[in-house]
Amino acid sequence: MMANKTELLTDLLIQLNIKLTDEQISRFMRYYEMLIDTNKVMNLTAITDYTEVCIKHFADSLSLINSYDIPQAGDIHILDIGTGAGFPGIPLKIAYPEINITLLDSLSKRVRFLDKVIDELGLNDRGLITTADMRAEDYVKEPGKRESYDLVVSRAVANLRVLSEYALPYVKTDGSFISYKGDNAKEELAESENAINILGGEVCDVNEFTLPGSDITRTLINIKKTRPTPDKYPRKAGLPNKKPL
C-alpha cells in the first residue's frame with residue numbers, strides 16, 4: 001500500500017518535472033499522516049483522501065515551478081501568506097530544502113501545528129523555515145519585514161484585489177508576488193489592475209494549466225514589483241477586505 005502511495009505522488013510530480021529523493025517522499029508521507037491525524041481535532045482541510053491531497057494540495061503547491069524558477073542553491077527568501085495547513089509553503093520546503101521561507105497565518109493553533117510538522121520532518125536542517133502567528137497587515141510592521149522578500153506566495157486566501165494589498169508591501173523591488181488562482185482568475189485580474197498599479201506591481205505572467213492527474217484548471221498570476229509600495233499600504237487590519245482598492 002505504501003509503495004502505491006509513493007508511486008502516485010512520484011508520478012504526479014514527474015509531470016511537473018520534479019524528481020524527489022526517497023527521503024523527500026517520506027517527508028510528504030509523514031506530512032500527510034500528521035495532516036489527517038490533526039484534522040480529526042482541528043479544521044485544517046476539507047480534503048482528506050490521499051489521492052486528492054496529493055493532487056489538490058501537494059502537486060498544486062509545487063506547480064509554482066510553472067511560473068517561477070526556484071533556485072536549488074537556496075539563495076531566496078519566500079513568504080507564504082495565509083498558509084493555513086502549510087500550503088504551499090511546506091511542500092515547497094520539502095521539495096527545495098535550501099530555500100528560506102516564512103509561513104504566515106493569523107490562527108495560532110494552525111501555526112502550532114506547522115511548528116510540529118517542521119520539527120517532526122526536520123525541515124530546518126538546511127535552509128531556514130520559520131512561522132509567524134499574525135495578520136498580514138500587522139506582520140509587515142515588524143522590523144526588517146517590509147519589502148524584504150524575493151518572492152511572496154499565497155493560495156486560496158482572498159480576492160486578488162485584497163491579496164495584492166496584503167502581499168506587495170512585503171516584496172522587494174524586482175521581486176515577485178505569485179497568486180494561486182482557479183477558474184475566476186481572469187475576472188479577478190481585471191478587477192485588480194488598479195490596486196496592483198497603486199501598490200507598485202505589474203503583471204508579468206499569467207500561466208493557466210491543468211493540475212497533474214486531474215481536469216482541474218489552475219492559474220498562477222506572477223506580479224513583478226517594479227517600484228516601492230507607498231508607506232500607507234497595507235492599511236490597518238480589516239480595511240483591505242472591507243474596502244478593496
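Me: What makes two strands of this model a pair?
Reply: Two strands pair if DSSP finds at least two bridges between them. The model is predicted: local features need pLDDT of at least 70, side-chain atom pairs count only at pLDDT 80 or more, and totals for chains, interfaces and linings use all residues. Residues are numbered from 1 along each chain as its sequence is written, and side-chain values use heavy atoms, without hydrogens and water.

Me: What is the order of the strands in the open sheet?
Reply: The sheet has 7 strands in the order β3-β2-β1-β4-β5-β7-β6, with mixed pairing. Strands are DSSP runs of E with at least two residues, and helices are runs of H or I with at least four, numbered from the N terminus.

Me: Why is one side of β3 and of β6 left without a neighbour in the sheet?
Reply: β3 (129-133) and β6 (201-210) stand at the edges, and each has a single partner strand, so one side of each lacks a neighbour there.

Me: What makes a set of residues a nonpolar core?
Reply: Its members are buried Ala, Val, Leu, Ile, Met, Phe, Trp, Tyr and Cys residues joined through side-chain atoms within 4.5 Å; buried means under 20% relative accessible area (1.4 Å probe, protein chains only). The largest such core has 53 residues, and L9, Y31, F58, L64, I90 and F113 have the most contacts inside it. α2 gives the most to this core, with 8 residues.

Me: Which residues does L64 touch?
Reply: Contact means heavy atoms within 4.5 Å. Not counting residues up to four places away in sequence, L64 touches I70, L92, L151, V153, I178, Y180 and L220.

Note on methods. Buried < 20%, exposed > 50% of the residue type's maximum accessible area, 1.4 Å probe, protein only.
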